[in-house]
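I opened this model to look up a few things and keep short notes. The entries follow in the order I made them.

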Amino acid sequence: MRSTVHRSLIAGAIFALATTLPIGVAHAAIDPSPDFQQAPLPDQFTILKMGSRGIEVHNVKKRLRDLGFTPGNLSSTYDSALRMTVWAFQKANGLRPVDRIDLPTWQALLRPRRIRPLVGYGGPERAEIDLQRQLLTVWKEGKPVLVTHISTGARRSYCEKGHCGFADTPVGDYRVGVRLPGWSTGILGSMFYSVYFNGGIAIHGSTLVPRFPASHGCVRVPLHNAVPLYRLLQPGDPVYVRRPEVHVERRPEAHPERPRRIPRARHPEAPRIPRGHATSARPAHGPRGR
């Protein structure tokens, strides 16, 4: 009985937030009210994961949709689309992406972080690709309207189907070019609703979008986000690809000491990495794919 009451409180809190926010409100546009910030969480909560069903799953989907994280359909089933949407939400809130909605994720759903732009001069209409967190954000009228999990270049050499290269998604400033609806086939695989922005490198839907960089250079997105992205990104829209540094907060020391000098001597058995080994070449002629 007590567990049921706790689950109802959680579901009620999420449902109340989902129904009071207008559809399409982006993450950065949300300013939590004092009541929102002080909303207590029960001691017990429901862990949602693949296969979970019920009103809680439905309300979580509505909440994510209103925060700008498209979860696909609004059914009451925890499916693969919701799993990847939860990954995106967790990463955007500084959490490690996991295959469940746990207590930290519930807390983030009640008190989400603001989405910060990668590029301050990017303009009101743009797409930003964060290679560090594997996130893509589309901005419209200066507000993030869609945030999705992605999988970019694996940063490794490959030779497949008679085509060799270095799998990388180059950092830089680009613009949307050719757009191909439906399924298309490139040199290295099939792509769904492709949006090209750097030669043969495209943003496209894929059936394989793991939690780590795994593509040949393209930006893979979950299938349920391919069509919305295709509609949002128009020819000429800026696309910014960045690999921001990870800033780790350091605890203040009670008695600061003079920093010790770290020797720069190299271990004789350490492997030598050739200069420029991780640089990427321009994409080959024609669509790269995957």
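In which helix is Thr-85 found? I looked it up in this predicted model: Thr-85 lies in helix 4, which spans residues 80-92.

I then listed its contacts, leaving aside neighbours within four places in sequence. Thr-85 touches Leu-64, Phe-69, Thr-70, Pro-71 and His-224.

I found an open sheet of four strands in the order 9-10-11-12, with mixed pairing. Strand 9 (179-185) and strand 12 (219-222) are at the edges; each has a single partner strand, so one side of each has no neighbour in the sheet. From one strand to the next the twist averages 30 degrees.

I looked at one pair in more detail. Strand 11 (residues 201-206) and strand 12 run parallel and are joined by four bridges. His-204 has Arg-220 in strand 12 as its bridge partner.

What packs on the sheet? I noted helix 6 (residues 223-232), which touches strand 9, strand 10 (190-198), strand 11 and strand 12. The direction of helix 6 makes about 40 degrees with that of strand 10.

Last, I asked which residues of helix 6 are buried. They are Asn-225, Ala-226, Leu-229 and Tyr-230. These cover an arc of only 140 degrees around the axis, so they sit on the same side of helix 6. I recorded that the buried residues of helix 6 pack against strand 4 (135-140) and strand 5 (143-149), as well as strands 9, 10, 11 and 12.

How values were computed: Residues are numbered from 1 along each chain as its sequence is written. This is a predicted model: local features need pLDDT of at least 70, side-chain atom pairs count only at pLDDT 80 or more; totals for chains, interfaces and linings use all residues. Side-chain values use heavy atoms; hydrogens and water are left out. Two strands pair if DSSP finds at least two bridges between them. Helices (H or I, at least four residues) and strands (E, at least two) are DSSP runs, numbered from the N terminus. Axes are lines fitted to C-alpha atoms, for helices over the stretch in contact, and angles run from 0 to 180 degrees between N-to-C directions. Contact means heavy atoms within 4.5 Å. Buried means under 20% relative accessible area, exposed over 50%, partly exposed in between (1.4 Å probe, protein chains only). The arc is that of the directions from the helix axis to the C-beta atoms.
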